[in-house]
Amino acid sequence: MKTNRFYVGDAVSVMDSFVPNSISLTVTSPPYEDLRKYNYS
């Protein structure tokens, strides 16, 4: 596992590939449908 990287994918699959106890911070953006509006343009 490389440090200071973003890993994008299915949470279970990606997290299973990491060494146990090697994660200090996890940032997520849950799919709360209409609670947030993102501008992808």
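I start with a term: a pocket, on a 1 Å grid over the protein atoms alone, is an open set of points with protein on both sides within 12 Å along at least five of seven lines, and its lining residues have an atom within 4 Å of a point. A volume is the space filled by probe spheres set on the points.

**Ground rules.** I am reading a predicted model, where local features need pLDDT of at least 70, side-chain atom pairs count only at pLDDT 80 or more, and totals for chains, interfaces and linings use all residues. Residues are numbered from 1 along each chain, and side-chain values use heavy atoms, leaving out hydrogens and water.

I looked up the largest pocket and found a volume of about 760 Å³. Its lining has 21 residues, and those closest to the centre are Arg 5, Tyr 7, Leu 25, Thr 26 and Val 27.

**Aromatic pair.** Next I checked ring pairs (Phe, Tyr or Trp, the last by its six-membered ring, with centres within 6.5 Å; planes under 30 degrees apart are stacked, over 60 edge-to-face, the rest tilted). I got one aromatic pair. Tyr 7 and Phe 18 have ring centres 5.1 Å apart and planes at 75 degrees, so they are edge-to-face. Tyr 7 sits in the segment before H1 and Phe 18 in the segment after H1.

Is Phe 18 buried or exposed? I used relative accessible area with a 1.4 Å probe, protein chains only (buried under 20%, exposed over 50%, partly exposed in between). Phe 18, at 14%, is buried, whereas Tyr 7, at 40%, is partly exposed.

How values were computed
1 Å grid on protein atoms, 1.4 Å probe; cavity = no way out; pocket = protein on both sides within 12 Å on 5 of 7 lines; lining within 4 Å. Helix = DSSP H or I, 4+ residues; strand = E, 2+ residues; numbered from the N terminus.
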